[in-house]
Structure formats: C-alpha cells, structure tokens
Amino acid sequence: MLTSPERAHSPMCAAMASAEAETHVVRPGFDRVEITVRTPVPGFVVLSDSYHRGWRARVDGRAQPVYRANYIMRAVQVPAGDHQVVFTFHSPLKTTFWVT
C-alpha cells in the first residue's frame, strides 16, 4: 500500500504506509496477479514489475485505471478497507493474432 511515495518499499508490493496496511500476493503469474489488500486509509497498490499499457486492473470486480508509478512500475488506487485486486495483461498481439 502506498499512501505517500517516500514510505514505499518492497520487492513485490510497495507497502507499509502505515503499520496496519497489509498486502498479500495470492496468485502471482505472468499475465495475471491477484492481491488481497487491507488498509485503514485510501492509497495505491504498486507492483514493481514493468508498466505496460496492456495491463488492466479490477478492484473488487470493478475496472480501475492502471497508473504508471515511478516511471516503470504499475499501480492501482484502492479505498480504505479490505479488497481484492486483480491485474490481467491483454496483449494487442494476441488480439491481432486471433483476428488474422
């Protein structure tokens, strides 16, 4: 959980903006990542893998914008509370391949 950039640190999820914020990668994957989040304040879940415009995010089943974080990482905003975040990758090449 990232609520302020100067407090972010972690190899997979930037967390610990407060001692009570928790993130857990439930299912890591190449083109899908599932994360559970518990936070007392709104913030951002930041993954340290590369940002690409093909990434999509859902928070509790609702589509949310994926932001570029620190130029190269990806992030999604979450409100306070318990949430499920799912990132999925949709490659334009897959679509082109199947159409042709």
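Which strands form the open sheet, and in what order? The legends below start there. This is a predicted model, in which local features need pLDDT of at least 70 and side-chain atom pairs count only at pLDDT 80 or more, while totals for chains, interfaces and linings use all residues. Residues are numbered from 1 along each chain as its sequence is written, and side-chain values use heavy atoms, with hydrogens and water left out.

**View 1. An open sheet of five strands, with antiparallel pairing.** Its order is E2-E3-E9-E5-E6. Strands here (E, at least two residues) are DSSP runs, numbered from the N terminus, and two of them pair if DSSP finds at least two bridges between them. Strand E2 (22-27) and strand E6 (62-64) stand at the edges, each with a single partner strand, so one side of each is left without a neighbour in the sheet. From one strand to the next, the twist averages 30° (axes are lines fitted to C-alpha atoms, and angles run from 0 to 180 degrees between N-to-C directions).

**View 2. The E5 and E6 pairing at one end of the strand order.** Strand E5 (residues 55-59) runs antiparallel to E6, and three bridges join the two. To find your bearings, look for alanine 57, whose bridge partner in E6 is glutamine 64.

**View 3. Arg27, Arg32 and Glu34 in a network of salt bridges.** A salt bridge is a side-chain nitrogen of Lys or Arg within 4 Å of a carboxyl oxygen of Asp or Glu; by this rule there are four. Glutamate 34 forms one with arginine 27, with the closest N and O atoms 3.1 Å apart, and another with arginine 32, at 3.0 Å from N to O. Buried or partly exposed, how does glutamate 34 count? With 9% relative accessibility, glutamate 34 is buried (buried means under 20% relative accessible area, exposed over 50%, partly exposed in between, with a 1.4 Å probe and protein chains only). Arginine 27 is partly exposed at 48%, and arginine 32 is partly exposed too, at 37%.

**View 4. A salt bridge between arginine 38 and aspartate 82.** Here the N to O distance is 2.8 Å. The pair links distant parts of the chain, with arginine 38 in strand E3 (residues 32-39) and aspartate 82 in strand E9 (residues 81-89), 44 residues apart. Arginine 38 is partly exposed, with a relative accessible area of 45%, and aspartate 82 is partly exposed at 49%.

**View 5. Aromatic pairs, of which the structure holds three.** Rings of Phe, Tyr and Trp (its six-membered ring) pair if their centres lie within 6.5 Å; planes under 30 degrees apart count as stacked, over 60 as edge-to-face and the rest as tilted. Phenylalanine 44 and tyrosine 67 have ring centres 5.8 Å apart and planes at 80°, so this pair is edge-to-face. Phenylalanine 44 sits in strand E4 (residues 43-50) and tyrosine 67 in strand E7 (residues 67-69), 23 residues apart. Tryptophan 55 and phenylalanine 89 are also edge-to-face, at 5.3 Å centre to centre and 65° between the planes. Tryptophan 55 lies in strand E5 and phenylalanine 89 in strand E9, so the pair ties together parts 34 residues apart in sequence.

How values were computed
Helix = DSSP H or I, 4+ residues; strand = E, 2+ residues; numbered from the N terminus.
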